[in-house]
Amino acid sequence: MPIRTTETAPAAGVRAVPRGGSPAARARRTERAKNWARRAPLLPALVFLIIVTQLPFVATVVISFTRWNALAPENRGFAALDNYRAVFTDPAMRASVGTTVLLTVTVVLVSLLLGLVLALLLDRGFRGRGIVRTLLITPFLVVPVASALLWKHALYNASYGLLNGSLTWIWRLFGSDDPPQPDWMTDSPLAAVEVSLIWQWTPFMMLILLAGLQSRATDAIEAARMDGASAFDIFRYLTLPHLRRYLELAALLGTVYVVQNFDAVFTITSGGLGTANLPYTIYQTFYQAHDYGRASAQGVVVVLCSLLVATFALRTVSSLLREEVTR
Amino acid sequence: MNRTPPAPRRPGSPAARRRRRTGSLLGLAAWLCGIGFFLPVAWMVLTSFHSETDAATNPPSVGAGLSLHGYREFFGEGSGVSPWPPLINSLTASVVATLLVLLLAVPAAYALAIKPVRKWSDVLFFFLSTKMLPLVAGLLPIYLVAQNTGMLDSIWLLVLLYTSMNLPIAVWMMRSFLAEVPVEMLEAASIDGAGLTTTLTRIVAPVAMPGIAATALISFIFSWNELLFARVLTGIVAGTSPVFLTGLVTSQGLFLAKVCAAATVISLPVIVAGFAAQDKLVQGLSLGAVK
């Protein structure tokens, strides 16, 4: 890395020296060219991301201060904080914040735990391990809308879904014609959404943790076993510390995707019965109510909340980066 | 905890037998979990091969005769709505976006991994933080710009958005893959006078190929699966497969076998790609992102 002062101070002097002049000046020029060569490959991605993701947010902030409903275009103007007042006093909006938090925390924690158990099971050698891993990752590969439709119509449906169908079948085995037939989606709508999402995200968590397990140094474990450490001790003192970064990464990536979930909420319950999360609520305000101003204010609030969570999460990520070897 | 030295592991010793027994029990548990997780998918595929009446029965008709009715309906023989345009749209959007992601992410990751720029971790944080902001909050301005520039219902708008959606994760994954490239190889190349392009294509790319494949797969999967943007920003012309899938249910009641056939067909490319590359996926998701 060059030292800053040598770069900035003699800027005027550099120009005075003719091309190919003093060796010092030449060295400075090549140093500067090298710095550019280092940064240049970064720029296309950076510029692209700023234009496509950051500029729209700026526009969202601007629109959030206007009174703008597409259904009443003539009544458009500066709204000051009206939209924000509406957002914070709207019980539906507050409810959807709670729903988002509950949905995300439940899905991420449960699928992380299940994923850990499955990864530990798969880390051991047994007959057909490759087949079992293939079976296990399939839910992650099914298109989310397809899996939402599958859960809603083929599994949860009260009159012909597989869940109630199996209940009927089991009850008949025991000679009863009166099986319980709960209406899963109305009785526990949020749980219905959560179960389908846990099914979808557990394989993702398992994949990350499995690779974590497979990157363990086997000699340490072998040595511990030789010393008579129990399986639990090996897990507690060797495996878990090694897995920490993988667990953090899985939780972080899972959270990023589950917070933004739209497909399952949209398809399974259409946001009804207290399952509307933030992305769905914004979608509704914008796409169905056409209230551009308020949808933008909702968006800004979501961004602010996300930034809070992200700052917290990035600290976790920084523990992922801390042991980084910088070259 | 038992501090006595472990019993010698002869095949017949009680300890070894006990270990073998718990081993096969755990293997059985793994098999049960695998089958349990796969069951809904198996049910989807089985239902897709049933007639509509056999598909919607209680108790389920597992043994009912197989029929291609659902697939024939899906491919438009009954309703006249062809699934090919949405499938082609999905393929175009996912493939082009994935190529763009690689084109942008590989050089950026190279800059961050091999010749760390000053404050490289801040730059990496910035990339990742764009992923933390819910995309839905930028939806409205994007919609308005698209409306005013005539890009509404165009597949190229989705290509741009999917690229930006997957770029942060791709940079993140690629950076750690590229960090595996030995510095000596790069130094040798620079002594031989290789430029950036030559270094990237001749030295970095071959070493990082598994990582590139994993990154491409992840980007393809997330693009192929995306629903919200496709639903809001496309319509009749540029609608993708997930949008088509949601349309199947709302239009004319529910045909379970047809919906399952559609879900199976639309999921198939991702499932096949995922099965084929599952080892790379394991590496890519984790080693790539943690190392």
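Which side chains meet in a salt bridge of 2.7 Å, N to O? I began with this question, and I found that the pair is Arg244(A) and Glu248(A), where a salt bridge is a side-chain nitrogen of Lys or Arg within 4 Å of a carboxyl oxygen of Asp or Glu.

**Entry 1: ground rules**

I noted that this is a predicted model, in which local features need pLDDT of at least 70 and side-chain atom pairs count only at pLDDT 80 or more, while totals for chains, interfaces and linings use all residues. Residues are numbered from 1 along each chain as its sequence is written, chains are lettered from A and ligands numbered from 1 in the order in which they are written, and side-chain values use heavy atoms, with hydrogens and water left out.

**Entry 2: the salt bridges**

I went back to the opening pair and looked up where it sits. Arg244(A) and Glu248(A) both belong to helix H13 (residues 231-259) of chain A, and they are four residues apart, about one turn of the helix; helices are DSSP runs of H or I with at least four residues, strands are runs of E with at least two, and both are numbered from the N terminus. Glu248(A) counts as buried because its relative accessible area is 13%, given that buried means under 20% relative accessible area, exposed over 50%, and partly exposed in between (1.4 Å probe, protein chains only).

I then searched the whole structure and found three salt bridges over all chains. One of them joins the side chains of Asp82(A) and Arg85(A) at 3.3 Å, N to O, and both residues lie in helix H5 (residues 82-89) of chain A, three residues apart, about one turn of the helix. Asp82(A) has a relative accessibility of 39% and so counts as partly exposed, whereas Arg85(A), at 53%, counts as exposed.

Another salt bridge, at 3.8 Å, N to O, joins the side chains of Glu222(A) and Arg225(A). These two residues are separated by about one helical turn because they are three residues apart in helix H12 (residues 218-226) of chain A. Glu222(A) is partly exposed at 34% relative accessible area, and Arg225(A) is also partly exposed, at 36%.

**Entry 3: the two chains in outline**

For chain A I counted 16 helices and two strands, and I noted that 50% of its 327 residues are buried. Chain B has 13 helices and zero strands, and 55% of its 291 residues count as buried.

I also looked up how far along the sequence the contacts reach, taking contact to mean heavy atoms within 4.5 Å. Among contacts between residues at least 6 apart in sequence, 67% in chain A join residues at least 24 apart, and the value for chain B is 73%.

Helix H15 (residues 278-288) of chain A has eight of its eleven residues buried, including Tyr280(A), Ile282(A) and Phe286(A). H15(A) is followed by His290(A), which has a positive phi, near 55°.

**Entry 4: where the chains meet**

How many residues of chain B are in contact with chain A? I found 106 residues of chain B in contact with 111 residues of chain A. The two chains bury about 10,000 Å² between them, 77% of it on carbon and sulfur atoms; buried area is the accessible area (1.4 Å probe) that two parts lose on being put together, summed over both.

On the side of chain B that touches chain A, helix H1 (residues 14-48) of chain B supplies the largest share, 15 residues. The residues of that side divide into 79 nonpolar, 17 polar and ten charged, where Ala, Val, Leu, Ile, Met, Phe, Trp, Tyr, Cys and Pro count as nonpolar, Asp, Glu, Lys and Arg as charged, and the others, Gly among them, as polar.

I counted zero salt bridges between chain B and chain A, but nine residue pairs in polar contact across the interface, with both residues at pLDDT 80 or more. A polar contact is a pair of N or O atoms within 3.5 Å; within protein, one must be able to donate a hydrogen and the other to accept it, and residues adjacent in sequence count only if both atoms are side-chain atoms.

**Entry 5: one residue followed across**

Leaving aside neighbours within four places in sequence, Thr134(A) is in contact with Phe275(B) and Gln278(B). Thr134(A) counts as buried because its relative accessibility is 17%.
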